[in-house]
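Trainee: I would like a close look at one residue in this model, followed by an account of the parts around it. Could you take me through it step by step?

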Amino acid sequence: MSDAISKIKLTDNRPIFIDNDPQDELFTLNLGPTHPATHGVFQNVLQVDGERIISGVSTIGYIHRAFEKIAERRAYYQITTLTDRLNYCSSPINNMGWHMTVEKLLDIELPKRVQYMRVIIMELSRIADHIICNGILGVDTGTFAGFIPMMVKREFIYEIFEEICGARLTTNIGRIGGFERDFNEVAFAKIREFVNEFPAVLKEFEALLERNRIFIDRTSGVAAVDAETALSYSWSGPILRATGVDYDVRANEPYSSYEEFDFEVPVGTNGDVYDRFLVRNHEMWQSLRIIEQALAKIEKEPKGVFHADVPDFYLPPKEQVFNNMEALIYHFKIVMGEIDAPKKELYHCVEGANGELGFYLISDGGRSPYRLHFRRPSFINYQMYAPMSSGMLLSDAIINMSSLNIIAGELDA
Amino acid sequence: MAKLSNDSVIGRLNTRFENRFNQIEDPYGLLTIETGKEDILDILEFLKTDGELQFNYLTDITAVHYPDLPKEFAVVYHLHSLVNNVRIRIKVFLDGAYPAIPTATVLWNGANWMERETYDFFGIQFVGHPDLRRILNVDDMDVFPMRKEYPLEDPNRMDKGDYFFGR
């Protein structure tokens, strides 16, 4: 650390800039916690020389909600709503990751059709998340033009979610053992409509920005990270792949039948903002491919199957609850969360929209987890932000944060 | 597909660390070993730098509190060998009175915030950490909230007692 950097002192654990030298031109800038350009609750105490950042300290935790502690008191099915609020731009991936963790704990094998339905949901939310990230990156570099048509398509994805589960943002989609109900015909029709219509919009978006001289000048070479540094900071997701490391949980440790799908893992070369943008665009194309394949596969499966047979954890149909004693007992036990899980320990991870989302679950044989730890990609990806900002222009640091796709809910858990 | 079996990882570890780790299990195929705080840094460094194993990716660091065990705290490391596509979990049990363990930031920069989070919630001291202070909780908090002695809800509240639910 140079002499200039050491002027940020930690007083009572708070980063405070101390300047006793009237001659120098450095000053402190509080970027956040509610700066409109950071798209979320992020505070960085920066020491700047004009437009150039000399050093910075990140302060996080403004929306910490103690999810891991709350999870220790809740029954397994009640934790799904907590996962919604991690990365709220793609909550279905979190929901599915959590359901799969519990299913792994309980040794539940899902019917193929349910797994394909889950793949569709997860890929749709991956697209929705990448739309936000890349669309906002366009806005931060100066164009609204690409953002609006893309947001219309994201709205359409939310309509699909609404059709499937009734909610849009914090979806609570699916149940332990499958889905709460089958996708209806409207939902399937809307998914097909999306698959047919989204390519034209995405193509237009790419045509607007990928070969755009202004956009390339603005993003290429900004915040370039080499693979070794990215790995030492435990980066994952599109930003790691932009540095050239082909690590994707879907390919490395396939879950939910991803091994049956034909898709590519796009990688970049120098890990700058432009490469991350390209990787995300390519991933949207790959997600579309996966959804098309999943739709074709569902056609071949027996119709109307939308959950596995797990009476201990999957609610019986409502009409049976009112007329059948056994069903009423199961209904009561499930809703009260009175069914014990086996005593085991496991780590399950899924490829979230911005990295490896892991669930480290320890069950002591009771009704709720003994310990549940979320490996949150935003939290781990974000820690490089302040060190890598040193020497950067302020405007570059802003688009760097956009392209890292840090979601405040996942950062603070 | 894992190119490296758990047995061969154990065999490779045994060449250097015979009898310095124990409790070998593999729940759900994830190799789990337990070691002491004296050996943890050596083992982590060996796993990371060994040309055959190449556990170069630190997935996660966290801790678990077992108030009933003689050694109350377990610090849990998850490592991942991206080359061989195999994972390993390493546990270190620590005393309750003064839980301290060497920092892994010398091996991975990414360990910095993971250890700060673990310190914040469990009070584990990571010796040698460059910047060990609270990260998610407020700075003037004087407890470590994920320890089991801090129950989530008010313990004096009677209407939610376990006996009402037959537990």
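Trainee: Is Gly138(A) buried or exposed, and how many other C-beta atoms lie within 10 Å?

Mentor: Please keep in mind that this is a predicted model, in which local features need pLDDT of at least 70 and side-chain atom pairs count only at pLDDT 80 or more, while totals for chains, interfaces and linings use all residues. Residues are numbered from 1 along each chain as its sequence is written, and chains are lettered from A and ligands numbered from 1 in the order in which they are written.

Gly138(A) is buried, because 23 other C-beta atoms lie within 10 Å; a residue counts as buried with 20 or more other C-beta atoms within 10 Å of its own, as exposed with 12 or fewer, and as partly exposed in between, the C-beta atoms being placed from the backbone. The residue belongs to helix H4 of chain A, residues 112-140, where helices (H or I, at least four residues) and strands (E, at least two) are DSSP runs numbered from the N terminus. Once neighbours within four places in sequence are set aside, Gly138(A) is in contact with Thr143(A), Gly146(A), Phe147(A) and Leu209(A), contact meaning that the C-beta atoms of two residues, placed from the backbone, lie within 7 Å. Glu410(A) is 272 residues away along the chain, and its C-alpha atom is separated from that of Gly138(A) by 23 Å.

UniProt, in an unreviewed entry, places the feature "domain: NADH-quinone oxidoreductase subunit D" at residues 140-412 of chain A; its positions are given in the numbering used here, feature names are shortened, and annotations may be inferred rather than shown by experiment. Over residues 140-412, chain A is 51% helix and 8% strand, with its end C-alpha atoms 24 Å apart.

Chain A also holds an open sheet of three strands in the order S6-S7-S8, paired antiparallel, where two strands pair if DSSP finds at least two bridges between them. Strand S6 (345-352) and strand S8 (371-375) of chain A are the edges, each pairing on one side only. Neighbouring strands of this sheet are turned against each other by 15 degrees on average, direction ignored; for such values, axes are lines fitted to C-alpha atoms, for helices over the stretch in contact, and angles run from 0 to 180 degrees between N-to-C directions. Helix H3 of chain A (residues 91-106) packs on the sheet, touching S6 and S7 of chain A, and its direction makes about 155 degrees with that of S6(A). Eight bridges join S6(A) to strand S7 of chain A (residues 355-362), the two running antiparallel, and His348(A) has Phe359(A) as its bridge partner in S7(A).

H3(A) is mostly covered, with 14 of its 16 residues buried. Its 16 residues should span 22 Å at 1.5 Å a residue, and its end C-alpha atoms are 23 Å apart, which agrees; the expected span is 1.5 Å times one less than the number of residues. After H3(A) comes Asp107(A), whose phi is positive, near 60 degrees.

Another open sheet of chain A has three strands in the order S3-S4-S5, again with antiparallel pairing. Here the edge strands are strand S3 (27-31) and strand S5 (52-59) of chain A, each of which pairs on one side only, and the twist averages 25 degrees from one strand to the next. S3(A) is joined by five bridges to strand S4 of chain A (residues 43-49), the two running antiparallel, and Phe27(A) stands opposite Val48(A) in S4(A).

Chain A, finally, meets chain B in a contact that takes 29 residues from chain B and 34 residues from chain A. On the side of chain B that touches chain A, strand S3 (57-65) and helix H3 (111-122) of chain B each supply at least two residues, and S3(B) gives the most, with six residues. By class, that side of chain B has 15 nonpolar, nine polar and five charged residues, where Ala, Val, Leu, Ile, Met, Phe, Trp, Tyr, Cys and Pro count as nonpolar, Asp, Glu, Lys and Arg as charged, and the others, Gly among them, as polar.
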